[in-house]
Amino acid sequence: MTTRAIEQKIEQLREALEQHSYAYHVLDDPLIPDIEYDALFRALQQLESDHPHLVTAASPTQRIGAKPSDAFPPAEHAEPMLSLGNVFDAEELEAFETRIRDRLGEDTEIEYTAEPKIDGLAVSLVYEKGVLVRGATRGDGFTGEDITENIRTIRSVPLRLQKHQDLPGRLEVRGEVFMPKKGFEEINAQAREEGKKPFVNPRNAAAGALRRLDPRETAGYPLDAFFYNATGVAKQTSVRTQFGVLLYLKKMGLKTCAEAQQVSGRQGCLDYHAAILEKRAVLDYELDGVVYKVNDLVSQEVLGMVSRAPRWAVAHKFPAQEAATRVADIRFQVGRTGALTPVAKLEPVFVGGATVSNATLHNMDEVNRKDVRIGDQVIIRRAGDVIPEVVKTILEPGAQRSDPVQAPGNCPECGSEVVQVEGEAMIRCSGGLYCPAQRKGVIRHFASRKAMDIEGLGTKLVDQLVDKGLVSSVKDLFHLAKDDLVELEFMGELSATNLLKAIEKSRDTTLARFIYALGIREVGEATAASLADQFRDLEPLQQADCEALQEVPDVGPVIAENITAFFRQPHNREVLSDLIRAGIGWQVIPRPDEQEQPLAGKTFVLTGRLEKFSRSEAALQLKSLGAKVTGSVSRKTTAVVAGENPGSKVDKAQSLGVDVLAEEDLLALLQDSQGPES
């Protein structure tokens, strides 16, 4: 692969992982099974390992979890809530143990605490003087969602710990909230009786219940919890082992998993894995593997952690479950981002504890590689996840096969052209502003703060507007009537008035915001600003070809093709015309004389978390003064602006003799460059 192809592949993997992480952790609506996410993650890890200079702080491999939802107040964790690395077989487990031995300088057998890996929602609880004062989700590992009142509704969570001499003034414990299988079956049976949509699996049911805005609704769900750790317990108590932590938690009144055991060495881990796998079907909770943790807490401290996971613990995933069946049909489903996914319609087969009638084929590359056709007998894999997959085709000697599957030329939902960017496996509908399958996602993005900034138009309201037929496209937002809005759930007179005012206010925007609001694939906030700087108005941008677009900084052939594909769709152009007629407008700013711009010729790199504004906002201000903002440090870099937790870019800057500025220095630079009247 060429360097450019490797960079593109890494970016594609990062984007896919971010999308799936958001769907799984924030929306509680996973798009792919865990086994597929693991494969994508491992592919990215391998590429970054082979090309370490391409690793960035924003890569999913460097991050613990996902961005927390804004539906609840933020809750910062005193210590990060880490994710776990995975192993899938005895060989990988041996490599894990070898790394531990090498770091500890140990020749003796390592002792572990082994526990089932519960498929639920990770939580952190804080007790002060034995009283529960806060409950939070993992979020991004550093900041989660404050769900204290919902946590209080779970009967197995003590509101007050047992009195004991080892109880510190403040105790933070970590655990997993889950929904038992029996309770899951009961609530789904009730949902079907009431004509409601059932939950897809116990994990989603638990996550959905725990994130209810009304705690009384959460109380109606059969949630349970196991606890497995307490932060800083070795410094506050006499506990010295991981298994001792479990005994300590139980003594304090916190529920722990009865299946946890102490085991010795790799073989002890493998024996435990086999035993739990055999018991999996009779346990009253979903699990997808087991977790091994070095038992000695001092050794854990010595081993430490990498960016997203402890070195002293690992998850040993269970093998996927498989069965054979026949493909009745192959159809293409359009996702919320416009991606067309081939789906095999199957003769129903029971696998992994559920009857499966659909299986994903991922993309056309996979269809062609596996040569799956209508009528074929295939192997289906399911590992307790949402979407089973077709593993391979079983070719029957002498059997007549149907013709190979062909990708559709037009979107099955809206008829827009289907496009495939070179180097991408996924085919996509190009009718983003028009396609019904993408409607809700497009509207949410269009109204978001960095786009049209329509305050009050959140996810639940968008869902209602679309579901009730009030909005079928972003253009309809500008024709909403107050009488329609007040009929919606949780929408009174004042809320309706405020929303209409926000919509009216959004008509006066900037070209950069409007371009970003269109949701063109891979056109982020910074790229939208660059396009606005280059073309100055919408019409020249619509008429630009790929060659002209690639003259814009950070716009390569892939993004250029995405932009041209978007604007050549008649449906999209029709919606754009309707938006302009609805009064959306921006001031066309004359092109500045670059020689007169105070920061012309200077190049900056932004890294770490800024407090006064976001990195993208800082980049826009620097660019408005003539500077260039890039993502990598070189000898040509003028300065690196370092916020909190800046990462390796500061080290590289210092090694090259490049200036490193604090956020205060940046603010002073912007103020000086803008002049006394700004």
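**Reading burial and salt bridges**

Analyst: D224 is buried, with a relative accessible area of 13%, where buried means under 20% relative accessible area, exposed over 50% and partly exposed in between, computed with a 1.4 Å probe on protein chains only. This is a predicted model in which local features need pLDDT of at least 70 and side-chain atom pairs count only at pLDDT 80 or more, whereas totals for chains, interfaces and linings use all residues. Residues are numbered from 1 along each chain as its sequence is written, and side-chain values use heavy atoms, with hydrogens and water left out.

User: With which residue does the side chain of D224 meet in a salt bridge?

Analyst: A salt bridge is a side-chain nitrogen of Lys or Arg within 4 Å of a carboxyl oxygen of Asp or Glu, and the side chain of D224 meets that of K255 in this way, at 2.7 Å from N to O. The pair links distant parts of the chain, 31 residues apart, with D224 in strand β8 (residues 224-230) and K255 in the loop between α9 (242-251) and β9 (261-264); helices (H or I, at least four residues) and strands (E, at least two) are DSSP runs, numbered from the N terminus. K255 is partly exposed, at 32% relative accessible area.

User: How many salt bridges does the structure hold?

Analyst: There are 33 salt bridges in the structure. One of them joins R174 to E172, with the closest N and O atoms 2.9 Å apart, and both of these residues are buried. Another is formed by R507 and E504, at 2.9 Å from N to O; here R507 counts as buried at 16% relative accessibility, while E504 is partly exposed at 48%. Salt bridges that share partners also join D371, R373, D376 and R401 into one network.

User: Which residues are buried in helix α13?

Analyst: In α13 (residues 439-447), the buried residues are V442, I443, F446 and A447. They lie on the same side of α13, because they cover an arc of only 120 degrees around the axis, the arc being that of the directions from the helix axis to the C-beta atoms. Their cover includes α14 (459-467), α17 (511-517) and α22 (570-581).

User: Which residues does C411 touch, leaving out those up to four places away in sequence?

Analyst: Contact means heavy atoms within 4.5 Å, and with that exclusion C411 touches V334, S416, V418, C429 and C435. C411 sits in the loop between β16 (389-394) and β17 (418-419) and is buried, at 5% relative accessible area. The C-alpha atoms of C411 and C429 are separated by 5.6 Å, although the two residues are 18 residues apart along the chain.
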